[in-house]
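Let's take a walk through this model together. Have a look at it first, and then we'll go from the inside out.

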Amino acid sequence: MPLVPANQPQLIRSCQKDEYYQNNLTNNANELVHTFAGSRRWLQWRKEIELLSDLTYYVLTTLSGYQTLGEEYVSIIQVDPSKRRIPSRMRRTALIFFHTFVPYLLDKVLICVENELETEANSQRQTSRTWNPLSHVRFWIQRAVGMLTESQRKSLIPLVFALQQGITLLYRLHVAVFYISGAFYHIGKRAAGVSYLRVGNVSGDDPRISNSYRLLGALSLLQLGVTLTLQFNNLKQRQRARQEWKQHRNLLPSRHVSESSSRSSRCILCLEERRNTTSTPCGHLFCWECITEWCNTKTECPLCREKFQPHRLVYLRSYK
């Protein structure tokens, strides 16, 4: 039976179906951990729960030599670069590593580096005694950042932010290239050399479908160019706002700043210094990531239990 490469609609439907089942698995795991371990532990381990859920899904399907539910849904199979054999176990392991572990590690390391760089040189670090994911990596980053001067740390902060934004833009660029070329919907599959062949309907594709996706890819590239321009302007505005805040803070009495920061600069959900301070309608302050994750399960303030809708959260720009 002849086999032909899978087209863009099949790959997208397969991905959507896999994401649906992965989200169900992650939501069930989140609910279980939240019930038995509490909100604090759940917030601390939510990224690891998502990682373990994805690993479980792919170990039971791809690594075991079976189709994923999405691949079975659209009747496609994985093949190696020769297009004649299914991927070896080593290649499937590499696929899972690039698709799940690498995004998790990048996210964790960049957030840790950003936190350390934004820490004041004369501030007192409070090291947590409890074990947390990548604790050894975080300790190494703290030592490396501690060896930098204040000016070096300030110059590295925009670079870390640009790298974070660059990863997001890289994903969008890869999707635009997929719309045009029709191969490798995920970066992990491109890195592992895993593509797809269809085993069901092998009739020729409608040329209008491929032309429509090429047009969509061209529009995506155009939108990406506009986004890059806006991101560059936003980066300059963020640097200007940070400098203005530094100047304003230096005008305040040092005793007032130290007392107020020690009392109110910590998020009660993660018990760490607030990042991207966000206010609830009742006026309580939390990290943006912490309070949005909280709102995924409970639409109420963690402190006063006042009910509110997540869209009423207010991000306080340049607030310390």
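**A guided look around**

Start with helix H9, residues 288-295, where Cys-290, Ile-291, Glu-293, Trp-294 and Cys-295 are buried. Here, buried means under 20% relative accessible area, exposed means over 50%, and partly exposed is in between, using a 1.4 Å probe and protein chains only. Helices (H or I, at least four residues) and strands (E, at least two) are DSSP runs, numbered from the N terminus. Before going on, keep in mind that this is a predicted model: local features need pLDDT of at least 70, side-chain atom pairs count only at pLDDT 80 or more, and totals for chains, interfaces and linings use all residues. Residues are numbered from 1 along each chain as its sequence is written, and side-chain values use heavy atoms, with hydrogens and water left out.

So what covers the buried residues of H9? The cover includes helix H1 (8-63), strand S4 (277-279) and strand S5 (285-287).

A salt bridge here is a side-chain nitrogen of Lys or Arg within 4 Å of a carboxyl oxygen of Asp or Glu. Lys-47 counts as partly exposed, at 27% relative accessibility, and Glu-289 is partly exposed as well, with a relative accessible area of 27%.

Stay in helix H1 for a moment and find His-34. Is His-34 buried or exposed? It counts as buried because its relative accessibility is 15%. Leaving aside neighbours within four places in sequence, His-34 touches Ser-39, Trp-42, Thr-297 and Lys-298, where contact means heavy atoms within 4.5 Å.

Back to the charges: the structure holds eight salt bridges. One of them joins Arg-85 and Asp-80, at 3.5 Å from N to O. Arg-85 is exposed, with a relative accessible area of 53%, whereas Asp-80 is buried, at 7%. Another pairs Arg-305 with Glu-300, at 3.1 Å from N to O. Arg-305 is partly exposed, at 43% relative accessible area, while Glu-300 is buried, at 12%. Elsewhere, salt bridges with shared partners link Arg-46, Lys-47, Glu-289 and Glu-293 into one network.

Now for the rings. Aromatic rings of Phe, Tyr and Trp (its six-membered ring) pair if their centres lie within 6.5 Å; planes under 30 degrees apart count as stacked, over 60 as edge-to-face and the rest as tilted. By this rule there are eight aromatic pairs. Tyr-20 and Tyr-21 make an edge-to-face one, 5.2 Å centre to centre with 75° between the planes. Phe-178, Tyr-179, Tyr-185 and Tyr-213 form one aromatic cluster.

Finally, look at the surface. Leu-170, Leu-173, Val-177, Ile-180 and Leu-221 form a nonpolar patch there, with about 360 Å² of accessible area together. Patches are made of residues with over 30% relative accessible area and no salt bridge, with like charges joined within 9 Å and nonpolar side chains (Val, Leu, Ile, Met, Phe, Trp, Tyr) within 5 Å. Accessible areas come from the Shrake-Rupley method with a 1.4 Å probe, and for residues only the protein chains shown count as cover. Which helix gives the most to the patch? Helix H5 (residues 150-181) does, with four residues.
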